[in-house]
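Trainee: I have a new chain on my screen. Can we go through it step by step?

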Amino acid sequence: MKQSPYLAKAQLEMQPGSISNIGFLGDDKRNLQDILNEDAKTVAHLGVTHAQVADVMEKVMHEGKKAFGNPVLYKDFLQVTVESSRGKMPCPFGHPGMYPKEVVCVTNQKTNESMCWTALSIHMIRQHGFYQGKGSSFRIEPEKVVRVLEIVIDK
Ligand SMILES: [Zn+2]
């Protein structure tokens with residue numbers, strides 16, 4: 001699908017070596033509009049919204065930060081560790097402001113499945129519905145985040 005100049009510019013910023021060394025797209029060759037459309041469809045199918053996913057990720061990160069680098073157990077099944085990292089990154093969609101690079105990693109102890117994200121990942125999901133390109137090291141598969149964090153939305 002054709003995309004707006006706004007998204008085309010954001011996609012340029014997502015290339016390796018622009019905002020971050022590794023970029024945000026992995027080896028995904030689709031244009032940004034198509035990446036956004038497909039993930040939006042998946043998220044809707046899962047019965048959640050971008051904001052609901054982002055809220056849970058933010059809550060988990062917040063709890064993890066309280067432990068200052070030590071692992072902490074969240075809701076009896078999620079082991080959370082926040083690794084501090086210096087530096088900040090801007091949003092590739094051109095928002096003002098900078099996001100800390102610190103990484104939160106979680107393991108669901110019932111299934112042994114793990115995943116990691118940053119504050120910028122949360123922002124991009126909430127504001128842009130962007131889960132990063134396939135093959136990106138910080139790609140958040142919508143199915144996976146809902147499964148690992150056991151995101152259940154009361155209807
Ligand atoms: Zn943004």
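**Strands, helices and cores**

Mentor: Start with a pair of strands. Strand 5 and strand 6 (residues 113-118) run antiparallel, joined by 6 bridges. Keep in mind that this is a predicted model.

Trainee: How many residues lie between strand 5 and strand 6 in their hairpin?

Mentor: Look at the turn that links the two strands. Asn112 sits in that turn and has a positive phi of about 65°. The number of residues between strand 5 and strand 6 is 4.

Trainee: Which residue in strand 6 is the bridge partner of Val104?

Mentor: Take one bridge of this pair before that one. Asn108 has Glu113 as its partner in strand 6. For Val104, the partner in strand 6 is Trp117.

Trainee: Which strand is joined to strand 5 by 6 bridges and covers residues 78-83?

Mentor: Check the bridge partners. Leu78 pairs with Asn108 of strand 5. Glu83 pairs with Val103 of strand 5. The antiparallel partner, at residues 78-83, is strand 2.

Trainee: In the hairpin of strand 1 and strand 2, which turn residue has a positive phi of about 50°?

Mentor: Strand 1 (residues 72-74) pairs with strand 2 in the antiparallel sense, over 3 bridges. One of the bridge pairs is Val72 with Val80. The hairpin has 3 residues between its strands, and the turn residue with that phi is Lys75.

Trainee: Now the whole chain. What pattern does the protein chain follow along the sequence?

Mentor: Count the elements before you order them. The chain has 5 helices and 6 strands. Read along the sequence, the pattern is α-α-α-β-β-β-β-β-β-α-α.

Trainee: What radius of gyration does the protein chain have?

Mentor: Begin with the extent. The C-alpha trace spans about 45 × 40 × 25 Å along its principal axes. A compact globule of 155 residues would have a radius of gyration near 15 Å, and the chain agrees, with 15 Å.

Trainee: How many residues does the largest nonpolar core have?

Mentor: In soluble globular proteins, nonpolar side chains tend to be buried together. Here, the residues with the most contacts inside the largest core are Val53, Met57, Val60, Met61, Val104, Ile125 and Val145. Helix 3 (50-65), strand 2, strand 5, helix 4 (119-128) and helix 5 (142-148) each supply at least two residues of this core. The core's residue count is 21.

Trainee: How many residues are in the second, separate core?

Mentor: Look for Met14, Phe24, Leu32 and Ile35, which are among its members. This core is separate, and its residue count is 6.

Trainee: What arc do the buried residues of helix 3 cover around the axis?

Mentor: List them. They are His50, Val53, Met57, Val60, Met61 and Gly64. They lie on the same side of helix 3, because they cover an arc of only 105°.

Trainee: Is Pro16 buried or exposed?

Mentor: Locate Pro16 in the loop between helix 1 (5-13) and helix 2 (32-45). Leaving aside neighbours within four places in sequence, Pro16 is in contact with Asn21, Ile22 and Gly23. Then count C-beta neighbours: Pro16 has 12 inside 10 Å, so it counts as exposed.

Notes. Residues numbered from 1 in each chain as written. Predicted model: local features only at pLDDT ≥ 70, side-chain atom pairs only at ≥ 80, totals over all residues. Pairing = 2+ DSSP bridges. Core = buried A, V, L, I, M, F, W, Y, C linked by C-beta atoms within 7 Å. Buried ≥ 20, exposed ≤ 12 C-beta atoms within 10 Å, placed from the backbone. Arc of directions from axis to C-beta. Contact = placed C-beta atoms within 7 Å. Rg over C-alpha atoms; globule rule 2.2 N^0.38 Å.
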